[in-house]
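Welcome! Take a moment to look over the sequence and the fold, then walk through the notes that follow.

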Amino acid sequence: MPEIKYFGVTDEDLQKVISEALCKGGLYADLYFENTLINNLSLRDGAVNSASSDVDFGMGVRVLSGDRTGYAYTENITLADMLKVAKTAANIANSNVVAAPAININERKFENRYPVGKLWEDVTVKDKAPYLQKLNDRIFELDSNVCKVNVSLTDISSYILFFNSEGLLCSDYRPMVSLSAVCIMEKNGRIENGYAARSFRKGVEFLTDDVVETIANDVVRLTARMFEAVVPKGGEMPVVMAAGSSGILLHEAIGHSFEADFNRKKVSIFSDKYGQQICDKSINIVDDGTLPANRGTINFDDEGIESQKTYLVREGILSSYIHDRISAEYYGVAPTGNGRRESFRYAPVPRMRATYMENGNIAESDIIASVKNGIYVTNFSNGEVQIGAGDFTFFVKSGYLIENGKLTQPVKDVNIIGNGPKALADIAMVGNNLKIDNSTWTCGKDGQGVPVSQGLPSVLVKKLTVGGTA
C-alpha cells in the first residue's frame, strides 16, 4: 500500500476539530478526509479520442446525539474551515448531553485486501490507450456483423483519512479500475447491442491481454445471441436464475430490505422477521467486504469499522441486518462494517458491499432438467423495487426458454415481476456453481452511489410472473 497522504493536518488539528464538533453536546463525532483522483479514457469510432481527469478533495464532520445527526463538509481543509464546519455540524445535532473529546489518538492499521502493484498515478494516457485499441480491434475481429464499438476505461485513486471522538485514527488507499465495452451489430437490417465490463480494486497490473480477450468475447457473444432471441409468452412459470449477474435480483429485491435503517424505521417487510426462518435451510446469504480486490471490498468502512463477512441469512434464518454505527447501537449489536458514503459530502448510511448466496449442492444441469416449461435468465439490466412491500420488476436482457428440461430458444426483453420475500421463500433448488459478477455495479441510495458487486449460484424459483407476449 502506498504511503497515505495525511492532508497536511496534525494530531493537534484533529483534536481541535473534534472538540469543536462536540461543543454543543453530542455523544460521538467523526472526521472523514478524502482526496480522490478520477481519470477517464474513451474510444469512439475506432480511435482513443477523449480523456478527462477530476479531483475530489475535502472533509466532512459528523456529530451524533441520540436520534439527531449533524453533518457538514468543506472543500478547504485549513484549520479555520474545518472548525467552521465542525461548529455547523454541532449546531445541527445540538444536545444537552456532553461527551468528553478524545485525548489519546490510537492509530490502527487494517489488513490490506487490495494491494497494488503499480499506482494509476504513475502511468499516462499513452500507457493506457493501447488496451482500449486492442479491445476495439478484437471485438471487430470476432464477428463480421460488428458495426460500432465504444470502449471506456476509468481509474480511481482515493486516499482516505478517518478520525473519531473515540481516538481512532486510520487511513486507506482505495484503488478502482473499470474497463467496459459496448458492441453494436447490424444483420439483415436489424441492430442489436450488448455490454460487458470488468471492475476491480487493482492497479495498473489489471491491464492485460487476458482481460481484453475476456471482455471482447463476452460482449460479442451476448450481442450475437440477440439476433436469435424471441420474446417468450408471458405468465407465471418457474424461473432459473443463472450464476453470476442474476445476483442483481438478490441485491435489489432482497438485500436492500436487509439494510438496518429500513428495518429500524419499520419500512422493510423484514423488520419483524429477525431470527425467523424466511427461506429454505439450504440458503445462506452473505454480505462480504473481504473478497480480495473485489469492487465492493473495503479494508474498513467509512465509519472506521473493520470490514467483515456477514451472514444475513444462515440456513434459512434471518441472522443479521446490514448495520452502520447508528443502527448497531439501536439494536444492541456490533456494527457490521457497512457504513458507507459516496464521498466526503455525505454522511454514511448502511450499504451493501459484495452480496451473494453461497453454494448449494445441486448441479445446474439438474436444476434445468427439473423444469418442464419455464425460462432461464442470464443477464439483467434495470429494475424497480419497493422496499416496504418487497415488490419488484426487473428487465431481463437475455436468457433461454426451458422446454422439457432443456435450454432451447434464446429470449430477450423480458420483465420478471414478483415479491422479494416470496421469491426468496420460493427458491427450491440452489446450485453448486457460485459466481461473483465483476462488472461495473453501482448501488444508489439516498441520492448517493457506492461501488458494489453481487453473485449467485444457479437457483430455481418455483414461480414468478414473466412479462412477455400475450
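Two strands pair if DSSP finds at least two bridges between them; strands (E, at least two residues) and helices (H or I, at least four) are DSSP runs, numbered from the N terminus. This is a predicted model, where local features need pLDDT of at least 70, side-chain atom pairs count only at pLDDT 80 or more, and totals for chains, interfaces and linings use all residues. Residues are numbered from 1 along each chain as its sequence is written, and side-chain values use heavy atoms, leaving out hydrogens and water.

**The sheet**
- Strand β10 (residues 309-314) is joined to β11 by two bridges, and the two run antiparallel.
- Within this pair, R314 stands opposite I317 of β11.
- Both strands belong to an open sheet of six strands with mixed pairing, in the order β11-β10-β9-β14-β22-β19.
- Its edge strands, β11 (317-318) and β19 (435-437), each pair on one side only.

**A helix across the sheet**
- Helix α5 (residues 247-255) lies across β9 (285-288), β14 (354-357) and β22 (453-456).
- Relative to β22, helix α5 runs at about 115° (axes are lines fitted to C-alpha atoms, for helices over the stretch in contact, meaning heavy atoms within 4.5 Å; angles run from 0 to 180 degrees between N-to-C directions).

**The cysteines**
- There are zero disulfides here (a disulfide is a pair of cysteine sulfur atoms within 2.5 Å).
- C147 is partly exposed, at 40% relative accessibility, whereas C183 is buried at 0% (buried means under 20% relative accessible area, exposed over 50%, partly exposed in between, with a 1.4 Å probe and protein chains only).
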